[in-house]
Amino acid sequence: MPTDQKLTIFTAPGCDNCEEVKDALKNGKLEIEGADVKLADVEVVDLSSDAGYHYMDDLGISQVPAAYYGDKRCDLLVDDATKRVTVSCQGQDAKDEEEAG
């Protein structure tokens, strides 16, 4: 079933892993599990931007790269050998994680 939620990947300047994730997205080597999103619909937000700063504050992002599908925090797995990145969005909502922590 299609959804209006989007996958947002947060990055920061000087972050090598962030560059790997952006390269994987650009080269079609980003796989998304647990979210109904096409690669063309993935948004990359730099946390050093004004918009990124507000996301960081609202979502409590403390490390990058980070990915969210709506309010759900996703895992990012980088395969150094193949340069493929898997985004797995099958965890808890960010708000549920805050309450549990």
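This is a predicted model: local features need pLDDT of at least 70, side-chain atom pairs count only at pLDDT 80 or more; totals for chains, interfaces and linings use all residues.
**Disulfides**

Start with the cysteines, where two disulfides are counted. In sequence order of the bonded cysteines, the pairing is 1-2, 3-4.

Select Cys 15 and Cys 18. Their sulfur atoms lie 2.4 Å apart in a disulfide, and the link is right-handed, with 75° about the S-S bond. Cys 15 has a relative accessible area of 14% and is buried; Cys 18 is buried too, at 0%.

Go on to Cys 74 and Cys 89, joined with an S to S distance of 2.1 Å. This link is right-handed as well, at 105° about the S-S bond. It connects distant parts of the chain: Cys 74 belongs to strand β5 (residues 72-79), while Cys 89 sits in the loop between β6 (84-88) and α3 (94-100), 15 residues away. Both cysteines are buried.

**Nonpolar cores**

Next, select Leu 7 and Val 87. Within the largest nonpolar core, which has 16 residues, these two touch the most other members. At least two residues of this core come from each of β1 (7-11), α1 (16-26), β4 (66-69), β5 and β6. The most are given by α1, with three.

Stay on Val 87 and display its surroundings. Beyond its neighbours within four places in sequence, its contacts include Leu 7, Leu 30, Ile 32, Ala 67 and Leu 76.

Then move to Leu 47, Ile 61, Ala 66 and Tyr 68, which are among the seven residues of a second, separate core.

**Salt bridges**

Three salt bridges remain to be visited.

Select Glu 43 and Lys 6, whose closest N and O atoms are 2.8 Å apart. Glu 43 is in strand β3 (residues 43-46) and Lys 6 in the segment before β1, so the bridge ties together parts 37 residues apart in sequence. Glu 43 is partly exposed at 28% relative accessible area, and Lys 6 is partly exposed at 38%.

Finish at Glu 31 and Arg 84, whose side chains meet at 2.7 Å, N to O. Here the pair links strand β2 (residues 30-33), which holds Glu 31, with strand β6, which holds Arg 84, across 53 residues. Glu 31 is partly exposed at 33%, and Arg 84 is partly exposed at 31%.

Key: Residues are numbered from 1 along each chain as its sequence is written. Side-chain values use heavy atoms; hydrogens and water are left out. A disulfide is a pair of cysteine sulfur atoms within 2.5 Å. Buried means under 20% relative accessible area, exposed over 50%, partly exposed in between (1.4 Å probe, protein chains only). Helices (H or I, at least four residues) and strands (E, at least two) are DSSP runs, numbered from the N terminus. A nonpolar core is a set of buried Ala, Val, Leu, Ile, Met, Phe, Trp, Tyr and Cys residues joined through side-chain atoms within 4.5 Å. Contact means heavy atoms within 4.5 Å. A salt bridge is a side-chain nitrogen of Lys or Arg within 4 Å of a carboxyl oxygen of Asp or Glu.
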